[in-house]
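This report describes one protein chain from its coordinates.

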Amino acid sequence: MVGLAPGFVLLVVPLFAVLVGWQAAWAAVLRRAGAPRWLPALVGAALLAWPMATTLPLS
């Protein structure tokens, strides 16, 4: 069980890096469009929360 964590981290970290970049792009688009200041945060939270919610166990 100890050996699984580093492999899992190496698998998931690139996904999170891509998602953070995607969120930064959406935040820039929303800022240029004049969206409310809370909207980029909401989009970023939803974008980064779905992989955590679907991959992390409940127990």
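## Helix H2

The buried residues of H2 are Pro 40, Gly 44, Leu 47 and Pro 51. The model is a predicted one, and the helix in question covers residues 38–55. With 18 residues at 1.5 Å a residue, H2 should span 26 Å, and its end C-alpha atoms lie 27 Å apart, which agrees. H2 also bends, by about 30 degrees, at Ala 49. A proline, Pro 51, follows that position within four residues, and Pro 51 is one of the buried residues of H2.

Thr 55 is also part of helix H2.

## The chain as a whole

The protein chain has 2 helices and 0 strands. It consists of 59 residues, of which 17% count as buried.

## Helix H1

Helix H1 covers residues 4–32, with Leu 11 among them. Leu 11 belongs to a nonpolar surface patch, together with Phe 8, Val 9 and Val 13. The accessible area of these residues together is about 380 Å². Leu 11 itself has a relative accessible area of 63%; it is therefore exposed, the cut-off being over 50%.

Which residues form the aromatic pair? The structure holds 1 such pair, made by Trp 22 and Trp 26 in an edge-to-face arrangement. The ring centres are 6.3 Å apart and the planes stand at 80 degrees to each other. The angle counts as edge-to-face because it is over 60 degrees. Both tryptophans lie in helix H1, 4 residues apart, or about one turn of the helix. An α-helix has 3.6 residues a turn, so residues three or four places apart point the same way.

Trp 22 has a relative accessible area of 48% and is partly exposed. Trp 26 is likewise partly exposed, at 38%. Val 20 is found in helix H1 too, and its relative accessible area of 44% makes it partly exposed.

Two C-alpha pairs join positions that are separated in sequence, as the table lists.

| Residue pair | Separation along the chain | C-alpha distance |
|---|---|---|
| Thr 55 and Val 12 | 43 residues | 9.7 Å |
| Val 20 and Leu 48 | 28 residues | 7.4 Å |

In these pairs, Thr 55 comes from helix H2 and Val 20 from helix H1.

Conventions
Residues numbered from 1 in each chain as written. Predicted model: local features only at pLDDT ≥ 70, side-chain atom pairs only at ≥ 80, totals over all residues. Heavy atoms only, no water. Buried < 20%, exposed > 50% of the residue type's maximum accessible area, 1.4 Å probe, protein only. Patch = residues over 30% accessible without salt bridge, like charges linked within 9 Å, V, L, I, M, F, W, Y side chains within 5 Å. Areas by Shrake-Rupley, 256 points an atom, 1.4 Å probe, with all protein chains shown as cover. Salt bridge = Lys/Arg side-chain N within 4 Å of Asp/Glu carboxyl O. Expected span 1.5 Å × (residues − 1). Bend = angle between axes of the 7 residues up to and from the residue. Phe/Tyr/Trp six-rings, centres within 6.5 Å; stacked < 30°, edge-to-face > 60°.
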